[in-house]
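Open the model in a viewer and keep the selection tool at hand. The tour goes from one selection to the next and says what is there.

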Amino acid sequence: MPAEHSGDAPVLQLREMTKRYGEVVACDHVDLDLHRGEIHGILGENGAGKSTLMKMVIGLALPDAGTIRLDGEAVRLHDPVQAARHGIGMVHQHYSLVGALTVWENVALGEKGALDPGSTRDRVVEITERYGLEVDPDAYVRDLTAGVRQRVEIIKCLRHEPRIIILDEPTAVLTPAESEHLFEVLGEGVRREGWAVALVSHKLDEVLAATDRITIMRNGLVVDRVATADADAHSLAREMVGREVTLRTGAAAIGSVEAPAAAAGEAAEVKGEPILEVRDAATRAADGRVLLDGLSLEVHPGEVVGVAGVEGNGQTPLVRVLESLLRLETGSVRVDGEEIPTCRAGAMGAAGIAVIPADRHHSGCVPDMTVAENLVLGSVDRFAEWGLLKREDIKAHARVLIEEFDIHCPSCDTPLGQLSGGNQQRVVLAQALSVGPKVLVAHQPTRGLDVGAIEYIGGRITAAAESGIGVLLLSTDLGEIAALSDRIVVIYEGRIIGEMSRAEFDMERLGLLIGGSTAGEDAA
Amino acid sequence: MTARTDTLLDPRVRSGLEMAGLYVLSLAGALLLSGLLVAATGNSAFKVFGALLDGAFLAPGRWGQTLVVAAPMLLVALGMVVGVKAGFFNIGQEGQLLIGAMAMAWVGTRWPGPGPLLLFVGLALSMAFGGGWAGLAALMRFRRGVPEVISTLLLVFVAAQFSGYAITADWLLRDLDTTGPTRSVSSAPLDEAIRLPVLRIFGNEFNWGIVIALALAVLLAVALVRSVWGFRLRMLGHNPAVAQKAGVASTRMGSLALFLSGGLAGLAGAVMLAGGSSGFRVTSGFSQNFGWQGLLVALLARSSPILAIPMAIVFAALRTGSGFLAATGVDRKIVDVVQALLVLALLIPPAVQFIRDRRKALAMAGEEA
């Protein structure tokens, strides 16, 4: 092994860790050493087995085989509480916080015995000051942004004074500035307190920037171990995906954002009237929360407009409006100059807006219906005569799309729910494009997919724009936005607060904008 | 070799066989338990089941009677299915059935006109009134957000009180015949010409009710799978957001589904009345729990109109069979126990499948994480 550690003994030693789920081997004889005072990156795409490995370390999953040694001593970990007693803490990808409770109350959750508000609160304050994690201990969690919520998760983890800290995809919902701050805090802890940190990620650039050592996983196996100093993005990408990654969309998927600057010249020429025009859109939730606050944007035929922003700034309400699922209180939506009534069943679809929602199970597909049926959800009228379905036509239509979009399924009569996530997403995409839309709205179209599927869907989106469709791409992944968009607008608290064309693309300014800082705008 | 059989046997076929096995096992368990219960009361289990079987099918004329009873149960079950497929739970069939029967009685005893026409009009109006009764729940649901599960249920009691009043009010349904020694508290019996025609096959008599019910079951099954309407109804039931996006407004489609659901229950009431239930009269307690039992039929048929046919016959058989129990000296309440055990037994396989699917889903979620 080229990257064998020469110094002290590992604080955590995993040997031959194996975990199966049914017929799938999630982790296959995985070895891993964590050392004091080091950040160890565990790199791999979705489904590589990173999270499963970490779940076994924290006691959330029991290994089928393998040993865990802490300071050389074999231990069996049954649950996170026991793991915490051994000094292992984890910051999960999905937060487990209670919105109706304050920060310190959330930190105290899960403690045994009597609650001592004073000392718990003091402890929270002490941790925040010690590690520079700015959080108001008395704030209600529901009022906090994703970045601050993560700090609360970290405080929960640090309260048990762990020696080993595991972070699972910690930057998924953070702005670049917040990510940077997170890594500063981690670096500080590693230097001062000698933490051993495992950073689970599928993003190359952050692993390269923040870690000392990298283990790369693919299909449940460790495929390489390198010292970060000897690593380069290109070879890491190849190891991680198992082949050369060429498309800029694929590069974006694994977080190496260099593409847009180079591709600056190829932005589409935009002429004429917008195909989609959202003007002063405003609406509130039933409880009075403002969802959209005077949002305006335009999409022209043949261009990809990327909507960048941190999750929860109005992306979902905007998409729901364009799906006929949410009513605007004021403002309008126009397609091809014609105003479309909001929240009237099927009106947006009939006007030519096809939507790939972020949560496909909410409004993208029907898992209990067959693949063929899902492919005609919005266009069933075209496959009917005298009110009866022309089932052979529906199946023929499905077979064409299955072929064209490379959907892997046993047959077109298989219930959609039995397909893998990537294939379900292809069905949603195929359905959206097969109706011949004027506008394609794609919200987080590649979240949770493997690199192959991400490249594919990115390519399809680009192709759709080239064929003259106006594309609105909403994503929290700046790399994806940067790679695919001709024009980028930034959404913040239900409004568009900034815009840049591909030619003026500037990652730093974009990062500031999505955090809500328009200071950069004055300078620009 | 094992690998080859695996590829030959489609996993869906295999899981289907497993399910069938589970059904057989749990039904056998329920029968065994029922037998033990009967034995515990000091009677012979075989005698009791023999009597049930005689009463339901084997004795002369009995299977015809079972079909008569099965018809309204099947109609109620079909009504439940329409609602469930659209994602709405109408559980007020007992009330809608009463309303339908009253509409039939009203047309049959108070309207002038030739009998066959009145029968036809009565059946149609019973659907309209039953549907309208469920439509009240739809109105509350879509105007005010009142859950239809609660409103349909509560409307049962309103319907029961209303029917109780109607059969005592001369201006509504009460029999106007004052020639007898006492005036009956019920509607007048339907005239011969307004009753459902009777079919006689192999010494068994049954009315057209079962034919109507079977025809509607097949029609509904075909409509759900083959028609655009059925496609949209299922879309709404499975995922209202997708349906709204695709142009299916839950207010319209959902109201229609609830109306049809109530309409089928109303028709069940009319079929009972015109088929001779309570001597062709609407009496107090006319509905005889048919509305509730029809719900169980739909539940056990897992919302399949075709599966509802055998289920309705099983429930009808338990009802007609229990009439023969008196001869064995066993309280006919034992039938309720047997019925309950059968219902529980038939619920076990879907529950097992649910737990299994969940495990599989959890395992898959684990893999993806």
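Start in chain A and select six strands: they form an open sheet in the order E16-E19-E20-E13-E21-E22, with mixed pairing. Helices (H or I, at least four residues) and strands (E, at least two) are DSSP runs, numbered from the N terminus; two strands pair if DSSP finds at least two bridges between them. This is a predicted model, in which local features need pLDDT of at least 70, side-chain atom pairs count only at pLDDT 80 or more, and totals for chains, interfaces and linings use all residues. Residues are numbered from 1 along each chain as its sequence is written, while chains are lettered from A and ligands numbered from 1 in the order in which they are written.

Zoom in on E16(A) and strand E19 (residues 439-443) of chain A, which run parallel and are joined by 4 bridges. In this pair, A:Ile356 stands opposite A:Ala442 in E19(A).

Helix H11 (residues 315-322) of chain A touches strand E13 (304-308), E16, E19, strand E20 (470-475) and strand E21 (487-492) of chain A. The direction of H11 makes about 145 degrees with that of E19(A). Helix H16 (residues 421-434) of chain A touches E16 and E19 of chain A, and its direction makes about 175 degrees with that of E16(A). Axes here are lines fitted to C-alpha atoms, for helices over the stretch in contact, and angles run from 0 to 180 degrees between N-to-C directions. Two residues are in contact if their C-beta atoms, placed from the backbone, lie within 7 Å.

Next, colour chain A by domain: domain 1 (12-244) and domain 2 (262-352 + 437-523). The bounds come from an automatic or database domain assignment. The C-alpha centres of the two domains of chain A lie 33 Å apart. Their contact takes 10 residues from domain 1 and 11 residues from domain 2 of chain A.

Show both chains. How many residues does each chain give to the contact? Chain A gives 30 residues and chain B gives 22 residues. Among the elements that give two or more residues on the chain A side are strand E2 (24-34) and helix H1 (50-58) of chain A.

Chain B has 14 helices and 2 strands, and its C-alpha atoms fill a box of roughly 80 × 60 × 35 Å, taken along the principal axes.

Select helix H3 (residues 45-58) and helix H4 (residues 62-85) of chain B: their axes come within 6 Å and cross at roughly 80 degrees. H3(B) and H4(B) are therefore roughly perpendicular to each other. Angles under 35 degrees count as roughly parallel, over 145 as roughly antiparallel, 65 to 115 as roughly perpendicular and the rest as oblique. Residues that meet here include B:Phe57 in H3(B) and B:Trp63 in H4(B).

Finish with helix H8 (residues 209-226) and helix H13 (residues 305-322) of chain B, which pack at an angle of about 155 degrees with their axes 8 Å apart. H8(B) and H13(B) are therefore roughly antiparallel to each other. Among the residues that meet are B:Leu214 in H8(B) and B:Ile309 in H13(B).
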